[in-house]
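Colleague: Walk me through this one, please. Keep it brief.

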Amino acid sequence: DLSSSIGNGWRAELIGNYNRSENISKNRDQAEDESENTFLTRASESLSADLNLDGSLFSMSGGDVKLAVGGHFRHTPFGDLDLSVDSSLIVLGIEESSRDVYAIFGELHLPLVGEGNRMPGVEKLEVSISGRYEEYSDFGSSTDPKFGVLWSPVEGLNLRGTYGTSFRAPLLNELDESLNAAALLNSIPNNMSPTGASLVIQLFGSGSKKLQPESATLWTAGFDLQPVAVPGLNVSVTYFN
């Protein structure tokens, strides 16, 4: 994380991040003293970089108009580390995959009414406008705006609300069907069978390549109360839809 002042009240920040996770799937053999046999290890990594700029554009009667802009890049590979198959398992369709995500975003903060021009019934009035554009290497692109407003009719009371949209692509491990294809041949009691048992194939796993991105419309409303007559009291209520 590197940050620096670039003059005139503006600040630049560069953030880099790397993380790695492993998912180890095991089969427990009850006939061999509950010994565990690892048959598949999946690894997920993420390498990302963010560049953020923020500062004041100009001053209004209500305060400074502020702008924040930035860009984001993320590379996520997903694949196999190890594969040691138990004789009772069939593992099919194991694939490696990756995803690149590019994004740009910005937020504008407008203090329309503040300390310098407040009036009866409007102690404070602030508006925020933001947006984010994302492009996925495997799921196309999305543009999501967000609008917010904060109004203070009297000192100690803030009324606030937001409206916007959001987008989420399935995680790579949610698209992975390799564990779904693992099949265990097992014998279960069956009174209808002449032998008293039947062989079955048990399928397990939760990944699906048919998953599609999720989109949502979001809005919130709420208030913050800090009455001057009761020092130390702070009450906040928010409704989220």
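Colleague: Which residues does isoleucine 188 touch, not counting residues up to four places away in sequence?

Modeller: First, the ground rules: this is a predicted model, where local features need pLDDT of at least 70, side-chain atom pairs count only at pLDDT 80 or more, and totals for chains, interfaces and linings use all residues. Residues are numbered from 1 along each chain as its sequence is written, and side-chain values use heavy atoms, with hydrogens and water left out. Contact means heavy atoms within 4.5 Å. With residues up to four places away in sequence set aside, isoleucine 188 touches Gly196, Ala197, Ser198 and Val200.

Colleague: Where is isoleucine 188 placed?

Modeller: Strands are DSSP runs (E, at least two residues), numbered from the N terminus. Isoleucine 188 belongs to strand S10, residues 183-189.

Colleague: How many aromatic pairs are there?

Modeller: Rings of Phe, Tyr and Trp (its six-membered ring) pair if their centres lie within 6.5 Å; planes under 30 degrees apart count as stacked, over 60 as edge-to-face and the rest as tilted. By this rule the count is three.

Colleague: Why is the pair of tyrosine 136 and phenylalanine 167 classed as it is?

Modeller: The ring centres of tyrosine 136 and phenylalanine 167 are 5.5 Å apart. Their planes meet at 55°, so the pair is tilted.

Colleague: Is tyrosine 136 buried or exposed?

Modeller: Buried means under 20% relative accessible area, exposed over 50%, partly exposed in between (1.4 Å probe, protein chains only). Tyrosine 136 has 9% relative accessibility, so this residue counts as buried.

Note on methods
Helices (H or I, at least four residues) and strands (E, at least two) are DSSP runs, numbered from the N terminus.
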